Amino acid sequence: MAPQELILSACSSDPSSSSGRQISTPSIHLHDLLTSGSVQSFKNSASSSHSLGYVQSQNGQGAGVFAVQEGKGILNVWAWQKDQMHTKIHLPEKMSCFTVSPNGLWAVAGSPNGQIYLWELASGLLLSSFTTHYRSLTSLTFTPDSQILISTSLDSSTHIFLVSRLIDPEDPATAGKPYGSLTDHTLAVRAVGLGKLAGSMGGRIWTCSDDGTVKMWSLHPPFALLCTFTLPSGSSPNNLAIDPMERFFYVSTSQGLVYHIPLFRRKGLPDSASADESYEAVGGSVNGHGSIPLKVEGAVISTSTSASTSTSESKVKISITSMTLSISSTTLLIGCSDGTIHLYSLPSHQHLRTLSSHSGPITHLSTLLKPVDLLISGGGSSSSGGVKGKVLEEYPIMEIKNFERMKSQNVKTNHNITIKLPQHHHNATTNSTSSLLSQLDDLRPKRAQSIGVGAQTQGVEQAQLESLLEENKRLKSSLERASQINEKMWNGIIDMKLTTSNGD
């Protein structure tokens with residue numbers, strides 16, 4: 001069966017005045033990307049922008065969705081295998097942003113006063129807590145390898161942290177200090193965009209700010225500014241969608257416009273030169289401060305609705321609140337303040353369809369492959385018998401402990417991780433035990449067999465033994481002859497010395 005790509009979306013509790021639909025309970029929804037059919041919903045969840053994260057099921061462990069509730073210091077957790085909330089965790093304070101690492105090990109939250117909290121999901125320990133911004137954080141983002149954490153804030157700065165230094169700092173005096181800082185923006189930074197290659201080994205990142213610019217940076221020290229893209233006057237960029245291959249990216253504005261920015265451009269008219277030489281990279285200079293900002297013109301998408309008045313009909317633009325690309329970069333998804341999600345085909349930018357499951361502004365929008373242990377609403381919900389039952393047994397629900405509100409004095413002493421192992425039936429356990437024992441037998445060192453095993457083997461080994469005994473006898477004989485010659489030579493030298501001394 002081909003992999004199924006799903007749309008994960010969430011909304012806030014504030015309904016849009018421009019929405020004429022009936023107000024429904026804020027929820028987290030999963031839709032099929034291809035058919036737009038509803039797959040699952042996790043109800044009673046209202047989160048602000050950049051306050052939701054999810055973990056894929058992997059390594060035989062189930063996972064789920066994590067969402068900080070809007071205006072509350074509460075984190076709600078849903079498992080893929082349950083349509084009801086799995087657990088509720090109380091946080092130290094109200095948070096402005098939240099995310100989890102792609103590897104499912106860490107959870108991080110940012111507060112309105114500029115403080116960052118880092119927890120270990122398996123134990124609930126607060127591994128790091130520090131103040132790094134002097135204004136509210138707007139987003140927290142992990143690189144795909146989960147080794148770098150990037151924070152943005154209303155104070156116009158972007159900080160880069162090594163997760164390893166946050167978990168176990170080499171010097172306690174430098175704990176919480178950024179690995180690098182991006183400080184070229186003049187107003188609040190709203191979002192960060194990353195390609196699939198970004199990580200601890202380098203890559204590129206993009207930041208968008210209320211100053212109307214999108215900046216491209218190197219993710220390798222000293223984190224040089226590579227290029228600046230300037231949007232038309234009055235634009236307020238708030239979301240970025242980066243092509244995984246970094247061929248282009250999209251930037252949306254709160255004014256309801258989406259701009260397409262290619263990262264490669266044609267050098268000139270095609271000639272006899274090869275196709276590779278007819279294109280060049282956009283930006284990417286060693287020092288972006290000295291390069292001329294590139295102006296971006298002509299929005300490719302505009303979200304607007306018709307509003308009729310007594311005299312004429314006008315277009316009312318709807319603010320864009322979230323945006324993402326499908327895994328294959330063939331579909332652009334845009335979430336709006338009226339609770340609708342618009343799907344556009346790429347590269348034609350033709351509108352495909354609209355999803356209207358939410359009543360409040362869309363605060364989270366992402367695509368993911370269908371989790372193997374996802375409980376489908378209305379079908380396959382039984383956990384006994386059938387293929388679905390076997391999958392649920394193989395992927396137990398992720399064990400989530402309450403998060404610490406204050407950092408422990410001795411983290412190593414309090415470090416207690418619980419792993420929930422899958423349950424098996426009696427026959428399955430017996431087969432599993434016998435299989436493990438057979439594998440252990442294969443790993444045991446092989447014992448040397450006796451010479452008398454098998455007629456043919458016995459004859460070969462007997463011949464080898466006789467040859468070794470004969471060789472040993474020959475060597476002993478040679479050693480005896482050498483010892484006799486050595487003794488004769490020694491006696492001759494002694495006699496010669498004695499004769500010489502007597503003659504003198």
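Where does Pro347 lie? Pro347 sits in the loop between β31 (341–345) and β32 (350–355), and point 5 returns to this loop. Here is a short tour for someone new to the structure.

1. **What you are looking at.** This is a predicted model, in which local features need pLDDT of at least 70 and side-chain atom pairs count only at pLDDT 80 or more, while totals for chains, interfaces and linings use all residues. Residues are numbered from 1 along each chain as its sequence is written, and side-chain values use heavy atoms, with hydrogens and water left out.

2. **Confidence.** The average pLDDT (the predictor's confidence in each residue, from 0 to 100) is 83 for the protein, and 79% of the residues score at least 70. Please read two stretches with care. Residues 16–20 stay under 50 in pLDDT, and the model gives them five contacts beyond four places in sequence; a contact means heavy atoms within 4.5 Å. Residues 306–310 also have pLDDT below 50, with eight contacts in the model beyond near neighbours in sequence.

3. **Overall make-up.** The protein has four helices and 33 strands. These elements are DSSP runs numbered from the N terminus: helices are H or I with at least four residues, and strands are E with at least two. Of its 504 residues, 44% count as buried, where buried means under 20% relative accessible area, exposed means over 50%, and partly exposed lies in between (1.4 Å probe, protein chains only). Among contacts between residues at least 6 apart in sequence, 50% join residues at least 24 apart. The protein exposes about 27,000 Å², with 53% supplied by carbon and sulfur atoms; areas come from the Shrake-Rupley method with a 1.4 Å probe, and for residues only the protein chains shown count as cover.

4. **The nonpolar cores.** A nonpolar core is a set of buried Ala, Val, Leu, Ile, Met, Phe, Trp, Tyr and Cys residues joined through side-chain atoms within 4.5 Å. The largest one has 34 residues, and Ile28, Leu30, Phe66 and Leu75 touch the most other members. Elements giving two or more residues to this core include β1 (5–11), β2 (27–32), β5 (64–68) and β6 (74–79). The largest share, four residues, comes from β5. A separate core of 19 residues has Val214, Phe229, Tyr259 and Val296 among its members.

5. **Two cis peptide bonds.** The bond from Leu346 to Pro347 is cis, with omega near 10°. The bond from Pro221 to Pro222 is cis as well, with omega near 10°, and Pro222 is found in the loop between β18 (213–218) and β19 (225–230).

6. **Two positive phi angles.** His50 is not a glycine, yet its phi is positive, about 60°. His50 belongs to the loop between β3 (38–43) and β4 (52–54) and is partly exposed, at 29% relative accessibility. Ser146 has a positive phi near 65° and is found in the loop between β12 (137–142) and β13 (148–153). Is Ser146 buried or exposed? Ser146 is buried, with a relative accessible area of 5%.

7. **A surface patch.** Trp490, Ile494 and Leu498 form a nonpolar patch on the surface, with about 320 Å² of accessible area together. Patches are made of residues with over 30% relative accessible area and no salt bridge, joining like charges within 9 Å and nonpolar side chains (Val, Leu, Ile, Met, Phe, Trp, Tyr) within 5 Å; a salt bridge is a side-chain nitrogen of Lys or Arg within 4 Å of a carboxyl oxygen of Asp or Glu. Leu498 lies in helix α4 (residues 455–503).
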